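I opened my notebook with the sequence and the model side by side. Here is what I looked up.

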Amino acid sequence: MNNNAYLKCIDPDCGLEYPIKSRNIECERGHLLDVKYKKTPSPDLKELFYNRRNPQGNIFNESGVWRFRELLNFCEIDTDNKDECSKYLVSLDGAEGRQSKPYHMSKVADFLGMNQNCLWLQPEGYNPSGSFKDNGMSTAVTHAKLIGAKRIICASTGNTSAAAAMFAANENMDCDVYIPAGQIAPGKLSQAYQFGAQIVQVKGNFDDALAKSLDDAKNQDGYTVNSVNPFRIEGQKTIPYRAIEYLNWNSPDWIVYPGGAMGNISSCGKALMELYEWGWIKKIPRIAVIVSEGASTLYDLYNGKFEGKKLRWNKGKPDTELIENYYTYLDRNGIRPQTKATAIQIGRPANILKGLRSLEFTNGVVAKVSDAEMLDAMSIVGLNGFDCEMASGASPAGIRKLIGEEIIKKDDVVVGILTGRQKDSSLAVDYHNDPANLFAIPPRG
Ligand code: F0G
């Protein structure tokens with residue numbers, strides 16, 4: 001180890017630093033951490049990353065995550081040395097991120113009222129466990145292995161647990177997953193069982209499950225792999241890397257994500273901050289995060305819908321009291337997050353501060369969409385021959401809304417992330433069985 005990589009608290013006034021092998025997910029004053037690298041990577045790497053698309057029998061070139069390994073080299077290995085890669089880097093035979101790149105989808109573009117050449121959608125559902133989580137789980141489990149952890153632990157609305165259980169099974173680690181009982185898609189639950197995880201059913205919602213899993217991780221020496229783990233964020237940076245690389249390192253105008261715990265926008269923001277600082281991109285894309293109307297914490301706080309104050313990162317001095325007041329208000333009034341898009345049914349986004357930092361850096365926006373809008377968007381993606389789950393429908397549905405509000409312009413270049421694959425078949429069946437739905441093709445006979 002040559003100490004190029006280390007952990008640093010995100011609060012600029014605190015700034016505590018820790019060695020890379022630290023197991024902490026927050027500093028001792030309770031702030032989230034970033035993985036930092038001292039050296040600036042050479043722009044020549046762009047060519048190397050491109051050439052690795054011909055993997056030449058190396059699974060770490062095949063992997064859409066580890067293809068960019070020089071930018072995530074927290075293990076500080078010789079990235080050219082295949083044996084070292086095999087010893088340290090966790091990969092599902094190069095499958096994580098391998099199939100992910102942006103596509104044009106003409107029917108979706110028409111529905112959104114966009115120029116077809118300007119809209120790109122990047123399906124992350126074709127990852128081995130069926131969602132974007134594999135990008136971050138391969139790196140988080142790599143860190144778990146680096147520090148010798150034997151048991152990983154997470155709370156989940158379903159996709160995190162599927163990814164965690166899959167990588168744990170492959171690495172011969174134990175995996176405990178805390179799920180809100182009765183609130184996750186059956187396909188996701190069955191994955192966790194299939195991959196041999198220990199399911200812990202929590203009465204309540206995801207927020208309750210996360211609180212319990214974090215407590216138990218501390219008390220029972222588990223390694224947390226939720227997106228509060230800074231190494232998850234590192235792997236998820238490769239989602240925008242792949243999109244921007246595909247556009248020849250020309251930034252799009254917008255990158256659009258569904259928002260839940262806000263891990264994805266945290267990682268996108270960090271990726272963009274770094275690329276911009278290194279001079280790899282000249283323009284900063286704007287992040288749009290789309291939440292469900294029924295789980296709209298970030299929308300309400302960011303847009304001044306609560307106490308009339310707009311919550312901002314504010315150069316590292318966010319009004320955290322406003323957040324606490326909002327949570328108290330939710331609790332007092334018995335308001336629980338409620339949406340059929342259970343993946344993003346989250347009231348207390350654990351990465352809200354990193355999310356705000358990303359929004360500040362990118363001059364981002366937060367929009368909200370209804371369940372019906374997400375289902376229509378999910379369905380029109382299907383009519384283009386791509387599969388996505390309801391929460392992923394928030395990306396196109398949100399783009400449509402923001403175009404309607406003239407925040408996104410029709411000829412802006414937009415990359416929307418389709419975060420996961422359909423794992424609740426009843427949603428698509430019910431949608432198409434109801435002729436009243438916009439894109440329904442009801443059965444005949
Ligand atoms: N889309 C899908 C399909 C998800 O599963 C999630 C989160 C999100 C979007 C939101 O991403 O949390 O980074 O803002 N699912 C988590 C889970 C919470 O447990 O699987 P985020």
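I first noted how elements are named: helices (H or I, at least four residues) and strands (E, at least two) are DSSP runs, numbered from the N terminus. This is a predicted model, where local features need pLDDT of at least 70 and side-chain atom pairs count only at pLDDT 80 or more, while totals for chains, interfaces and linings use all residues. Residues are numbered from 1 along each chain as its sequence is written.

I looked up Asp93. It sits in the loop between α3 (82–88) and α4 (106–112). Asp93 is not a glycine, yet its phi is positive, about 55°. Is Asp93 buried or exposed? I used C-beta atoms placed from the backbone: a residue is buried if 20 or more others lie within 10 Å of its own, exposed if 12 or fewer, and partly exposed in between. Asp93 has 11 other C-beta atoms within 10 Å, so it is exposed.

Next I looked up Asn248. Its loop runs between α10 (238–246) and β9 (254–258). Asn248 also has a positive phi of about 55° without being a glycine. With 8 other C-beta atoms within 10 Å, Asn248 is exposed.

**Entry: the whole chain**

I found 17 helices and 12 strands in the chain. The radius of gyration (taken over C-alpha atoms) is to be set against the globule rule, 2.2 Å times the number of residues to the power 0.38. The chain has a radius of 20 Å, close to the 22 Å from the rule for 445 residues, so it is as compact as a globular protein of that length. The C-alpha trace spans about 60 × 50 × 45 Å along its principal axes. Buried residues make up 53% of the 445.

**Entry: the core**

A nonpolar core is a set of buried Ala, Val, Leu, Ile, Met, Phe, Trp, Tyr and Cys residues joined through C-beta atoms within 7 Å. The largest one here has 127 residues, and Ile152, Ala164 and Ala165 have the most contacts inside it. Helix α6 (residues 159–171) gives the largest share of this core, 7 residues.

Which residues does Ala164 touch? I counted a contact when two C-beta atoms, placed from the backbone, lie within 7 Å. Leaving out residues up to four places away in sequence, Ala164 touches Met137, Ile152, Cys154, Cys175, Val177 and Val225.
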